[in-house]
Amino acid sequence: MKKTTLIWSCWLALVLLCSAYLSWQLPQRHWSSSITAAFPGSDADWQRDLVANHSANRQIRLALTGLSETQLASVAAKFQQQNPQLRWITPEQHWQQLQAYYQGAAGLIATETASQQLAGQQYQRLADAAWQQLLSPLPLADNMLERDPLLLSQAAMQQTASGLSQQFHALTPAAGWLKGKFENEPFVLLHAELAIDPFDSELAVPLHAMLLQQLHVLQQQYPELRWQHSGLLFHAVKAASTAKAEMSWYGGLSMLAIVLLLWWVFASAKPLLLAVITLGSAALAGLVAVVWFFESPHLLAFVFATTLIGVAIDYSFHGLLAVQQGPAFFRRMLPGLSLSLLSTLLGYAALLLLPLTILNQVAVFMLAGLTAAYLMVCFVYPVALEQQSLQVAASARRGANLLVQFWQRFNRRQAWMLFGIGAMFSALLFLLLVKFSDDVRGFNQLDPTLKQHEQHMLKLSGQQWDNKFLLVSADQSEQLLERESQLRPLLQAWQQQGLLRDWQAVSDWLPTISAQQQLQQQLQQAYQSAVGQQFLQQLGVAVPLPISQWLTAKDLPDFVQQQLYTPAADAGAPAKVSLILLRESTLGKAQLAQLSQLGFAQLFDPIEDASAKVAGVRHQLSIGLATAVVVAILLLGWYYGVKRAFAITLFLQIAVCSALNVSLLLGQALTLFHLVGVLLVVALALDYAIFFASKLEAAEVQLAVGLSAITSMLAFGMLAFSQTPVIAGFGQTILTGILVAVLTAPLITRIGNLETQGR
Amino acid sequence: MNWRLGFLLWVLASASAAAAAPVSDKAQTPQATALQQMASWQLPQGKLLFTQQKWIRGLKRPLKSQGYLQLSPQSLDWVTEQPVQSAVRLDKQGVQQQLAGTFQLQAGTELIGHLMLAVLQQDQAFLQQYFSLQPVQSSAGQAPSGQEQTGQCVQLVPLQAPLTNFYRHIVLCGEGSLSRIELIELAGNRSEILLTAAPDSAKTAL
């Protein structure tokens, strides 16, 4: 009685402690839902940071249509006023920033042609060009003549602005938005930057809901109003809501199925309550561990972690059935349970070695959760239940016996033949069908409506910059600009070859300080020349004073400044980095080799980079898995003998190949997540094999394994219906693997018995 | 009898006055009046001579230039002959500067190019879309050129960006045809362009 109270008190204290910790920590944590953020990024952290902080990830676009131009303008203005928390990116701001930049750039920038003419002292040409600009009906930039009477900076800006003009396509800038017509229907295009991380679902979901609500309210005023939107926010929120819905839906269904199963088997509330307490404690421990070790828990990690229910219930069934058989049987069951826990923990611990945050979180959750479930079974079950206090449903026992008896029919030769043929056939089918894909784009299925919105927005706003860019690195800002300039001939060559339509580099806007100084010197010489003197005299202006305040990155418009990046001091991180934005680029190996020769520039494609890293992880996981299986088989061989170990090997092969063949037969390519599923199939199949190879009665083992397998299949089988392809593939693999494993595992006992008899 | 004749004459006279002086009609908006006034100008065609004076902020005296405009349905060639030879082509695509014998389109000038073409072609749809129009008194006596101005004027105030970023307003004046364009830039610069028909307007090409 005293021991019972002590154990329950300890359990209660731990539960309270964990709950207190979670209630303190959870409100401070930001849940992430980015599937790509969960994948391995670049080797260098600074590259991953750069992608994460790239402003394009925080931008949203909204097209309003269905109304007259005047009404659209009114709706757009209202919407902007209602959302001051968004940083609206307006043509007006662009204009103001450009004007400020023009002012500072006067006399410090020139086109390449003008620079050459200046260097060649072709002053008359420069003066003629200036006259042309002065006398043309075009408006002049404000206050330019005092600093740059030859108007070299105005010509340079016109050239630089050509890229901007292409961006705006057929759109007309208004003060706060762009406007245009699509299929003769007017629309306005609003552009904003979020102050929050779109993957931070705690902040992104309410913001998203508020934006949509405001649009619906506006639609009540203007029933004809329609809108399209684009931006990572919408995808991130959709992914988060899908993950949350799946987590609660599949978790709830699994729990319901388990409750029904327990009621059917034991027809009592006590085991049900004990199982629920076990699962609850395991989940609590898992959550505490994840929150303890990770700053941003990932929602998808918890979708994978619903599988805890399947594995933890396995322990619960073994404990419930063993307690009924008395303390002696319970003690005989414990080594098997411990060995099973150990093999499962080792399998999950392997996930910790992978550079994938999401899988690391799954591993931590499962390690803590399963250990908690194991401790509950070991210590709480013997004091919570009395021997023979529960009656196991006769139908459940009959089912278990039937399966065991089915395999008893086979003699030694037939049993080996069955395993051999099964293993050979499944392996051959696997080798015939096998194909892998590491493309991270296929890991997540875009919502069709959002995809449609994105495509329509692309039609409205014209071609945007590519999702890949060039990275130029240097030790100092000045060197960075010099290096960008060195890269320009290569970019021009690619443009001529049709490999690149356009680009935007910081150095197009900001010459190096030495170049600015040189230009100033040359201009002063030009002003002192006879042509220069005559030009200034005709114009009626004095010789401009030499400029000593140079143009720096701080003077650049925001949209150019965003291309400059200073990585956090880290091993291997360069001091300064700039992004060169590319449009319609199709760079091949030859071009990448040219970049590589330069030594300071590289093409960076976040998607390709992540895919390559996923391929690397898959390769590592394959090797790790194969090594773990070989080690496990060697250990089993040492413990059980060669023939039983060989039987277990064939059993594992059948389970694993069958699990993967189902996905292949469904036309799917295998991904890293199928392999993660295999890892769990191996862990669970070894678990079953260990119990069937133990000295426990086959019918008792079959009952516990069968019940736990059914619950696991219910839990994993649900994931097969997930909208996220990688989760669905994971679910299919484990569902099939467990089914095959639980059906064929009794053959291990049969072979073991026959081999023992044979000896 | 006399009163009937008198009434008839009064009605006829009123109708004629209304037709001849729509500005005085209180029912008509300033925009409509301005459009009507512009519509009364004969559309310029072919070649027009121009003289331009441009007051640029920071310059003590105006820049004077002269040359001709060659107007076609799709484009306007602005050819400066004095004090330097230069040519600019304006159309709906933008402004193209003649450099080394070829026209090169200047980025971001679509609306400015279209604007000048619309002003000379009196493209009322374009002008109404981008400007608020109102009739104004002729700035006779105040003209920087010192020339006496005649005829009615219409002031165009830009309504939206990017034109609002460039122009404070534009004034078009003329009697029978457009004869003066005044461009008041936001930067403080001002251009006055006086137009006259060229003797050989139909024959000249760029």
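**Group meeting: cores, a helix pair and the A–B contact**

I will start with one residue, A:Ala685. Leaving out residues up to four places away in sequence, A:Ala685 touches A:Phe651, A:Leu652, A:Ala655, A:Gly737 and A:Ala741. Please keep in mind that this is a predicted model.

A:Ala685 belongs to the largest nonpolar core, which has 171 residues. Together with A:Phe651, A:Val681, A:Ala689 and A:Ile738, A:Ala685 is among the members that touch the most others in that core. Which helix gives the most to this core? That is H26 of chain A, residues 672–693, with 19 residues. There is also a second, separate core of 61 residues, including A:Leu135, A:Ala141, A:Leu510 and A:Val560. As background, nonpolar side chains in soluble globular proteins tend to be buried together.

Now chain A as a whole. Chain A has 759 residues, and 46% of them count as buried. Its secondary structure comes to 29 helices and 11 strands. If we take the contacts in chain A between residues at least 6 apart in sequence, 82% of those join residues at least 24 apart.

Next, a helix pair. Helix H1 of chain A, residues 2–25, packs with helix H14 of chain A, residues 357–384. The angle is about 135° and the axes are 10 Å apart. Angles over 145 degrees would count as roughly antiparallel and those from 65 to 115 as roughly perpendicular, so H1(A) and H14(A) are oblique to each other. Their crossing is left-handed. On the H1(A) side, the residues are A:Lys3, A:Thr4, A:Ile7 and A:Trp11, and they meet A:Phe379, A:Val380 and A:Val383 in H14(A). By class, that contact has 5 nonpolar, 1 polar and 1 charged residues.

Finally, the contact between the chains. Here 28 residues of chain A are in contact with 31 residues of chain B. On the chain A side, H4 (91–105), H6 (123–135) and H7 (152–168) each supply at least two residues. The chain A side divides into 17 nonpolar, 7 polar and 4 charged residues.

One residue of chain B to look at is B:Asn165, in helix H5 of chain B, residues 163–166. Is B:Asn165 buried or exposed? It counts as buried, because it has 20 C-beta neighbours inside 10 Å. Apart from neighbours within four places in sequence, B:Asn165 is in contact with A:Trp95 and B:Leu186. B:Leu186 is 21 residues away from B:Asn165 in sequence, and the two are 6.8 Å apart in space, C-alpha to C-alpha.

How values were computed:
Residues are numbered from 1 along each chain as its sequence is written. Chains are lettered from A and ligands numbered from 1 in the order in which they are written. This is a predicted model: local features need pLDDT of at least 70, side-chain atom pairs count only at pLDDT 80 or more; totals for chains, interfaces and linings use all residues. Axes are lines fitted to C-alpha atoms, for helices over the stretch in contact, and angles run from 0 to 180 degrees between N-to-C directions. Helices (H or I, at least four residues) and strands (E, at least two) are DSSP runs, numbered from the N terminus. Angles under 35 degrees count as roughly parallel, over 145 as roughly antiparallel, 65 to 115 as roughly perpendicular and the rest as oblique. A crossing is left-handed if the near helix is turned anticlockwise from the far one by less than a right angle, and right-handed if clockwise. Two residues are in contact if their C-beta atoms, placed from the backbone, lie within 7 Å. Ala, Val, Leu, Ile, Met, Phe, Trp, Tyr, Cys and Pro count as nonpolar, Asp, Glu, Lys and Arg as charged, and the others, Gly among them, as polar. A nonpolar core is a set of buried Ala, Val, Leu, Ile, Met, Phe, Trp, Tyr and Cys residues joined through C-beta atoms within 7 Å. A residue is buried if 20 or more other C-beta atoms lie within 10 Å of its own, exposed if 12 or fewer, and partly exposed in between; C-beta atoms are placed from the backbone.
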